[in-house]
Amino acid sequence: MTDRIGVRSIDAGAPPARFARGWHCLGLAEPFRDGSPHAIEAFGTKLVVFADSGGELHVLDAYCRHMGGDLSRGTIKGDSVACPFHDWHWGPDGKCTRIPYSRRVPPTARTRSWLTLEQNRQLFVWHDPQGNPPPAEVTIPRIEGSYSDEWSAWTWDTLEVDANCREVIDNVVDMAHFFYIHFAFPTYFRNVFEGHIASQYLDTRSRPDIDAESGRAAARQAGARQAGASADGNGGAGQGEIGLHSEAAYYGPSYMIDYLSYDYHGVPMDAVLINCHYPVTPEKFVLQWGVIVKKLPGLTAEQADKVARKFARFVGLGFQQDVDIWVHKSRIDNPLLCADDGPVYQLRRWYEQFYLDVGQIPADMVARHEFEIDTARAVEAWEAEVAANMARAAAAGDPMPSAAATGKQGNG
Amino acid sequence: MPDTVSAAAQSSDWQALPDGGARPDERQSRYCPVECGTCGAVVRAAKFSFQHTSVQWDATALRRCAEFARREAAGEHSPLIERCASMRASLEAAALSGDLPVSPPWLTGP
């Protein structure tokens with residue numbers, strides 16, 4: 001992909017017109033049970049989520065098939081959602097159950113209902129352009145911690161992103177951006193793709209030149225934090241000497257479960273991070289993340305929730321930096337890789353399965369692929385950069401500029 | 001100029017093997033067959049360095065792998081198994097013996 005004078009060209013391509021096949025998380029389930037219908041813009045249309053009289057959640061197309069009214073602005077009546085325009089009632093299966101002002105319901109009065117799943121206290125919808133039901137093997141696995149008193153409650157955050165959702169998928173293999181964007185220092189990085197699952201095994205240690213809470217350089221405070229951090233119940237990564245082992249996997253095109261184990265100054269800490277999204281249009285998606293942490297001995301439920309919220313804020317900081325990259329970058333179908341990058345092309349080939357009809361997926365697209373990065377060169381370069389940052393800060397006697405600026409110094 | 005895919009097809013032989021292989025990028029490397037010393041499963045592998053490993057399995061190898069079979073029987077799911085220890089040992093042995101070349105990828109240039 002070079003022209004005659006050897007300049008590399010970017011092939012920006014175009015986002016796929018269709019949306020991925022798979023279970024997509026719409027958020028925590030409980031908030032949908034507040035007695036009102038809820039609007040979700042997804043898959044190029046608008047959906048309505050509502051709870052029936054038994055509390056079970058249902059998802060229908062939001063636009064009423066009568067005159068196009070928006071059911072998400074209507075009312076729940078019994079087990080149906082009623083349109084605000086002419087009060088047509090629509091049941092969980094998409095059938096019109098009642099038209100109060102009419103003698104009978106037209107036999108064709110049926111709208112699209114979406115298959116739903118509740119797992120891990122979250123709500124999922126199944127999207128398949130072919131209209132097939134979900135195979136059992138692609139179901140969302142249960143996270144035991146989400147049902148246990150020994151774990152905190154879920155935090156939940158969302159961010160609307162004006163980019164195609166492939167950008168967030170690329171992170172699975174992007175070892176180097178963890179240093180520049182997420183204030184982490186990867187020392188081990190391995191990917192496995194097989195079937196509908198893409199995994200990432202990652203060890204990181206914290207960057208002593210960055211304060212995880214603020215994203216700012218923190219060389220001067222590092223020593224103090226190391227001494228006092230375990231006392232403040234702080235679950236944020238990236239401070240002092242915090243070791244992290246992460247095992248993350250996408251189950252299908254959009255739902256990642258990340259099991260995290262910290263060595264927090266000798267105290268083991270466990271957390272689960274959900275990183276998921278659903279597409280709104282080919283050029284927009286909603287990014288969501290949630291955190292639970294295992295309660296340390298002696299921690300109350302409130303304290304554990306606080307630790308989870310603190311960690312979620314830290315994750316959010318990283319995502320906001322991701323988003324800042326995504327909304328300004330070019331889509332690129334032909335990334336130019338160096339020897340120490342991850343398997344971007346292989347990941348994208350794995351991801352492509354969700355955009356093909358089931359019968360069109362070649363065997364090699366979903367065959368097991370393993371890729372382990374040699375982090376030696378990266379670790380050497382980053383150790384030098386961190387040391388230089390700390391020395392500069394110590395010499396200046398002042399906190400340094402923001403983390404983004406710090407990263408760029410090393411990068412450029 | 002040829003695109004990266006056709007360049008890969010010309011410069012390596014692994015695409016001709018059953019089940020194709022991973023989608024190539026411009027980090028061209030020769031994927032060599034490596035047989036597991038424990039169960040005889042054959043994968044194709046490339047090593048850019050001793051720490052780096054890229055391994056392509058196919059359905060036959062996956063079925064043959066004794067460790068995956070044992071762990072699946074115990075309730076695990078192969079996509080969530082980080083690696084097969086025997087295959088890792090065989091890959092290391094192949095790298096040390098020279099059967100599996102350890103060399104940085106050849107980066108296709110203009």
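## Two domains in chain A

Domain bounds here come from an automatic or database domain assignment. For chain A, that assignment gives domain 1 (22-138) and domain 2 (150-411). Keep in mind as you look that this is a predicted model.

What is chain A built from? Its secondary structure comes to eight helices and 21 strands. Of the 412 residues in chain A, 44% are buried. Among contacts in chain A with a separation of 6 or more, 60% join residues 24 or more positions apart.

## Where the domains touch

In chain A, 15 residues of domain 1 are in contact with 16 residues of domain 2. On the domain 1 side, β1 (22-28) and β2 (38-42) of chain A each supply at least two residues. Which element gives the most to that side? It is β1(A), with seven residues.

Sorted by class, the side of domain 1 of chain A that touches domain 2 has seven nonpolar, six polar and two charged residues.

## The nonpolar cores

In soluble globular proteins, nonpolar side chains tend to be buried together. In this model, the largest nonpolar core has 85 residues. Those with the most contacts inside this core include A:Leu47, A:Val49, A:Ala271 and A:Phe311. Helix α4 (residues 301-328) of chain A gives the most to the core, with ten residues. Because domain 1 (22-138) and domain 2 (150-411) of chain A both give residues to this core, it lies between them.

There is also a second, separate core of 18 residues. Its members include A:Ala367, B:Tyr31, B:Val34 and B:Ala94.

How values were computed: Residues are numbered from 1 along each chain as its sequence is written. Chains are lettered from A and ligands numbered from 1 in the order in which they are written. This is a predicted model: local features need pLDDT of at least 70, side-chain atom pairs count only at pLDDT 80 or more; totals for chains, interfaces and linings use all residues. A nonpolar core is a set of buried Ala, Val, Leu, Ile, Met, Phe, Trp, Tyr and Cys residues joined through C-beta atoms within 7 Å. A residue is buried if 20 or more other C-beta atoms lie within 10 Å of its own, exposed if 12 or fewer, and partly exposed in between; C-beta atoms are placed from the backbone. Helices (H or I, at least four residues) and strands (E, at least two) are DSSP runs, numbered from the N terminus. Two residues are in contact if their C-beta atoms, placed from the backbone, lie within 7 Å. Ala, Val, Leu, Ile, Met, Phe, Trp, Tyr, Cys and Pro count as nonpolar, Asp, Glu, Lys and Arg as charged, and the others, Gly among them, as polar.
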